[in-house]
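Please examine the following structure with attention to how its chains meet. The discussion begins at one point of contact and then widens.

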Amino acid sequence: MKGLRRLACGALGLALSASVAHAATEVRIMWYSDGNEGEVLQDLIKRFESQNPDIKVVVDNVAFGVVKDQLPVQLEAGRGPDIVRVVELKSQARHWLDLRPHLKDPASLEKNFSNTLDWMREDGSNALPGFMTQLTITGPLVNTTLFEQAGVPVPGAKATWDEWAAAAKKVADSQKIPIALAFDRSGHRFMGPAISMGAKVMGPDGKPAVVDEGFKAMAQRIADWHKNGIMPREIWGGVAGTTYKGANEEFVNGQVAVYFSGSWQVAQFSQKIKDNFDWSAGPEPCGPAACTGMPGGAGLVAVKYTKSPKEVARVVEYLASEPVVREFSERTLFLPAHQGVAAKGVDFKSSDPNVKKSLDVFLNATRTADPLALKMQSYKWSGTIYAAVISRLGQVVAGEAQLADAYARIEEDIKQKVAEASR
Amino acid sequence: MSTITEVPGGQASSLSSMLALPFRFLMGVLNAPMGAVQRRFGIAGMGAVFLAPNMLIFSVFVLIPVAINLAYSLTGGTAIFFDDRHFVGLEQYQTLLMCGDYAAPSTCLQDAFWQSVHNTAFFVLVQVTMLVLVSLGTALVLNREMRARGFWRGVFFFPVLLSPVVVGLIWKWILQRDGLLNAILLDFGFERILWLAERNWAMFWAIFVSVWAHLGFYALILLAGLQAIPRDLYEAAMMDGTGRMRVFWRITLPLLWPNLLVVIILALIKAVQIFDEAFVLTGGGPGTSTMFITQYIYETGFAHVLRNLGLASAASILMGIVLVGLTALQLVVSNRRARKEAA
């Protein structure tokens with residue numbers, strides 16, 4: 001009889017625990033991965049779930065294209081996941097949830113991500129929609145083996161863009177490689193150097209005022225470097241419109257002396273280059289106004305249409321906490337946006353000495369980025385500006401247009417887009 | 001009402017009547033509802049009843065999207081849903097058509113649109129001409145008695161089976177800076193050529209790859225036409241001592257003309273829609289020298305952060321009008337051919 005009672009109690013206990021488990025609130029995260037960050041996130045989420053059995057987190061791993069193309073439609077329809085990892089933060093800011101009322105310690109999130117919160121909220125808002133999972137920064141990646149073989153010193157801090165281009169040319173000529181200096185075909189990549197040259201980008205009224213002397217100084221250099229064979233025509237001039245094109249393969253194959261791209265390349269370069277040659281990130285090249293790269297990155301934000309804002313806030317708060325951000329950065333080789341983590345330094349988990357050296361350089365570059373470069377991330381029209389700049393300068397490089405025509409077209413394209421978006 | 005006639009006696013007929021049983025059962029089940037439908041719509045209306053499912057699918061996947069597209073082209077803004085968009089009438093069409101000189105795209109407000117129209121027109125003209133000529137030549141060769149004829153027909157048809165993206169990627173690997181073709185050139189001591197970074201070369205390769213990828217399909221249509229030409233005409237010509245070229249001009253070409261016309265029109269329609277393989281191969285470059293209308297629509301509607309769906313829809317409606325014109329031409333030609341054959 002006693003045994004039977006125990007069995008009944010056990011069964012009841014099991015049933016109760018099952019019903020508790022069943023009652024756990026589900027939080028869905030839409031997540032895309034460039035590298036191993038999806039696996040790292042799963043580990044972190046498992047830990048969160050074991051500490052918070054009342055929340056079940058489902059990570060929907062999707063392609064980047066889903067976030068880019070399908071998420072906007074879902075959001076416009078008032079649907080979507082509870083949390084999403086996304087790059088287009090500012091343009092979709094009206095769909096993000098202000099977690100402030102639901103967070104245990106909103107001040108901590110505000111303090112640790114103060115530099116980047118404006119990137120994901122509407123102008124003038126003090127909402128706390130989430131945090132940047134990683135920071136990226138543009139900058140030069142240098143084939144140091146080629147520089148050594150050519151006997152050319154890698155330009156140091158404060159070296160100008162002209163000095164970088166001259167050094168790259170010397171190396172390419174001496175080592176008989178086809179590409180001295182490669183630039184990603186992207187308006188974002190162009191804008192950092194342009195700001196270094198003195199571009200102001202915005203007018204006093206806050207509207208785009210792109211073509212000024214600083215902008216022209218960099219655009220002229222880009223055109224000249226293509227004419228002089230320092231930059232390869234097939235990257236900027238090779239495709240039409242806003243199509244992105246990089247020189248990753250060429251750099252990995254040892255065909256490029258200096259590749260102006262960014263911190264996100266580090267993990268894949270380490271994987272592909274192995275010990276074929278030494279490479280490293282270089283300091284940001286300078287212009288008369290600054291020595292800056294362009295920051296960027298992806299953020300994890302809560303979606304306004306969630307039915308479980310409190311649970312979503314707990315998940316976000318956990319993932320934005322210092323130890324979690326530290327582990328995430330160390331294992332994914334991403335630069336942390338958490339200012340506390342960045343200030344203390346990160347012990348990136350890689351046996352490749354090129355990785356640690358490069359990430360330290362990039363991490364330093366995030367601290368010295370020009371305020372205007374930082375502001376561009378939260379500027380409503382930055383995407384529109386990048387698109388106009390790259391498509392028109394691409395035409396100049398391909399020999400279809402003169403710089404003067406391109407300047408006029410850039411302004412006209414931006415004006416049209418702003419008018420269309422302001423209807 | 002039709003019935004299945006049973007043939008008495010014999011194993012074969014009993015087997016076939018057994019096999020027909022499920023069919024007869026099905027017909028029996030359908031008889032009552034179809035009878036009711038026929039009583040409701042009459043015999044004359046049954047054609048429409050049978051077409052209805054197909055028309056429903058056609059409406060959902062073609063007519064309604066076209067109507068939505070048309071509606072988008074009359075609105076402005078960057079929002080996705082109609083509630084948040086503004087009616088602008090024909091403004092998007094005006095933006096597209098605003099031009100100082102249609103022959104000079106740089107004088108147009110939407111210079112990229114007009115550049116893509118020029119590129120598409122050039123591409124259609126050259127690609128269709130080349131495609132028809134090469135397909136005809138291939139069909140003529142494959143129609144001759146030769147060893148392993150089936151194998152050679154397969155070889156020419158094989159690229160048709162490849163996805164356009166695969167076609168684009170294969171040729172990109174061949175033509176890029178360190179691609180196969182440059183490796184061969186360098187081996188023979190020649191200079192490297194940037195095939196996809198030179199305007200004329202890029203257009204040449206866009207046309208070449210497109211012809212390579214599609215010629216098998218059109219050659220097959222022409223081959224069927226060639227095989228339908230009665231052999232005795234050639235035998236009679238041979239007995240009369242007619243020359244090969246004369247046989248081609250006087251017998252082959254006139255009798256192949258209906259097939260050739262279908263091939264020309266189909267190739268024209270397909271060429272106007274060029275996108276995937278060219279986009280993968282050249283990305284529209286260098287500059288905008290291989291940017292075609294479909295890429296312009298894609299760029300305007302989807303690639304930019306601020307999606308200009310109104311302008312993209314207007315461009316696609318204009319392109320649709322051209323395609324409807326070509327399709328109407330094909331219908332006229334087919335009908336005329338059918339009438340001639342009937343006569």
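In this predicted model, A:Arg409 is joined to B:Asp111 by a salt bridge, with 3.6 Å between the closest N and O atoms. The pair belongs to a set of six salt bridges that the rule finds across the interface of chain A and chain B. Polar contacts between the two chains, counted where both residues have pLDDT 80 or more, amount to 17 residue pairs.

On the side of chain A that touches chain B, the elements giving two or more residues are the helices α3 (64-76), α9 (233-236), α17 (382-397) and α18 (403-421) of chain A. Sorted by class, that side of chain A holds twelve nonpolar, twelve polar and 13 charged residues.

The extent of the interface can be described by residues and by area. In terms of residues, 37 from chain A are in contact with 43 from chain B. In terms of area, the two chains bury about 3100 Å² between them, and 46% of this lies on carbon and sulfur atoms. Within chain A, the residues that lose the most area to chain B are A:Lys417, A:Glu420 and A:Arg423, which together account for 19% of what that side buries.

Attention now turns to chain B itself. The C-alpha trace of chain B spans about 80 × 70 × 40 Å along its principal axes. Its radius of gyration is 27 Å, whereas a compact globule of 343 residues would have a value near 20 Å. Of the 343 residues of chain B, 38% count as buried. Among contacts in chain B between residues at least 6 apart in sequence, 60% link residues at least 24 apart.

Notes: Residues are numbered from 1 along each chain as its sequence is written. Chains are lettered from A and ligands numbered from 1 in the order in which they are written. This is a predicted model: local features need pLDDT of at least 70, side-chain atom pairs count only at pLDDT 80 or more; totals for chains, interfaces and linings use all residues. Side-chain values use heavy atoms; hydrogens and water are left out. Contact means heavy atoms within 4.5 Å. Buried area is the accessible area (1.4 Å probe) that two parts lose on being put together, summed over both. A salt bridge is a side-chain nitrogen of Lys or Arg within 4 Å of a carboxyl oxygen of Asp or Glu. A polar contact is a pair of N or O atoms within 3.5 Å; within protein, one must be able to donate a hydrogen and the other to accept it, and residues adjacent in sequence count only if both atoms are side-chain atoms. Helices (H or I, at least four residues) and strands (E, at least two) are DSSP runs, numbered from the N terminus. Ala, Val, Leu, Ile, Met, Phe, Trp, Tyr, Cys and Pro count as nonpolar, Asp, Glu, Lys and Arg as charged, and the others, Gly among them, as polar. The radius of gyration is taken over C-alpha atoms; the globule rule is 2.2 Å times the number of residues to the power 0.38. Buried means under 20% relative accessible area, exposed over 50%, partly exposed in between (1.4 Å probe, protein chains only).
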